[in-house]
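Let's take a walk through a protein model together. Keep the picture open while you read, and find each residue as we get to it.

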Amino acid sequence: GAFLFCNSLTSIEIPDTVTSINTHQFIGFDYVTSIVISNSVEYIGNSAFEDNINLEYIEIPGSVKEIDFDAFRDCINIKNIKFNEGLKIIRQYAFSNSESLEEAILPEGIETIEYGAFEASSIKKIYIPNSVVSVEFGLLHWCDKLESITLPDLPVKNYTEKCLGYL
C-alpha cells in the first residue's frame, strides 16, 4: 500500500472523492486511533486497515456495500464498530482477532457474512438481522466470550452447517 507501515499518522480521514479503499492501503498503522470514512466510499478492500493495533472505533457509512476479507483483521484494540444500513457483504476474516470488540449489531440489509468474519474476537453479543441469506462456517469460531446471539426470524437460505464455529 501507498502508506505501508507509516507510523507518523494518528488519524485517517477518507475524503469525499474516494469511492474505494484499496488492498493494503493503510495496513500496519500502529499509532492510528480513529478513522473517518466518507459517505462516498462503497468498497473497503482486503487488508485495507489490517493490523492497526491502536484503532478503537470505526463507523462504516451506509455507502459501503462490501467489506473485503481481512479488512480490519488484527485490529486488537477496536472496541466499537458502527455499521450503517447499506452494507451487503462482510467477507472472510474481516474483523477476526478483534480482541477488544464486545458487540456487533449488523445492519438490516446485510445479506452475506462469510467464513470467520468475527473469528477469535471477544464478542459477547451479536445481532444478525432478518435480511441475511447466507452465513458461512466459523462466523464466531473461537469467540469464547459470547453471551448473546440474535439470529434471523426467517429461514436463512444458505446457513452453512456449524456457521457459528466451535463456541
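A residue is called buried when its relative accessible area is under 20%, exposed when it is over 50%, and partly exposed in between (1.4 Å probe, protein chains only). Before we use that, some ground rules: this is a predicted model, where local features need pLDDT of at least 70, side-chain atom pairs count only at pLDDT 80 or more, and totals for chains, interfaces and linings use all residues. Residues are numbered from 1 along each chain as its sequence is written, and side-chain values use heavy atoms, with hydrogens and water left out.

Start at S122. With 11% relative accessibility, S122 counts as buried. You'll find S122 in the loop between β10 (112-113) and β11 (125-127); strands here are DSSP runs of E with at least two residues, numbered from the N terminus. What does S122 touch, leaving aside its neighbours within four places in sequence? Its contacts (heavy atoms within 4.5 Å) are S98, E99, S100, L101, E102 and K145.

Now follow the chain into β11, which belongs to an open sheet of 3 strands in the order β9-β11-β13, with parallel pairing. Two strands pair if DSSP finds at least two bridges between them, and β11 and β13 are joined by 3 bridges. One example to look for: Y127 has T150 in β13 as its bridge partner. The edges of the sheet are β9 and β13 (148-150), each with a single partner strand, so one side of each has no neighbour in the sheet. On average, neighbouring strands of this sheet are turned by 5 degrees against each other, direction ignored. That angle comes from axes, which are lines fitted to C-alpha atoms, and angles run from 0 to 180 degrees between N-to-C directions.

Next, look for charged pairs. A salt bridge here is a side-chain nitrogen of Lys or Arg within 4 Å of a carboxyl oxygen of Asp or Glu, and the whole structure has 4 of them. One of these joins K125 to E103, with the closest N and O atoms 3.9 Å apart. K125 sits in strand β11 and E103 in strand β9, so this pair ties together parts that are 22 residues apart in sequence. K125 is partly exposed, at 38% relative accessible area, and E103 is partly exposed at 38% too. Salt bridges that share partners also join E66, R91 and E114 into one network.

R91 is in the loop between β8 (89-90) and β9 (103-105) while E114 is in the loop between β10 and β11, so the pair links parts that are 23 residues apart in sequence.

Finally, head for the nonpolar core, a set of buried Ala, Val, Leu, Ile, Met, Phe, Trp, Tyr and Cys residues joined through side-chain atoms within 4.5 Å. The largest one has 42 residues, and those with the most contacts inside it include F83, I90 and F118. β1 (11-14), β3 (34-37), β5 (57-60) and β7 (80-83) each supply at least two residues of this core. Click on I90: beyond residues up to four places away in sequence, its contacts include I67, F83, L106 and F118.

Terms used: Helices (H or I, at least four residues) and strands (E, at least two) are DSSP runs, numbered from the N terminus.
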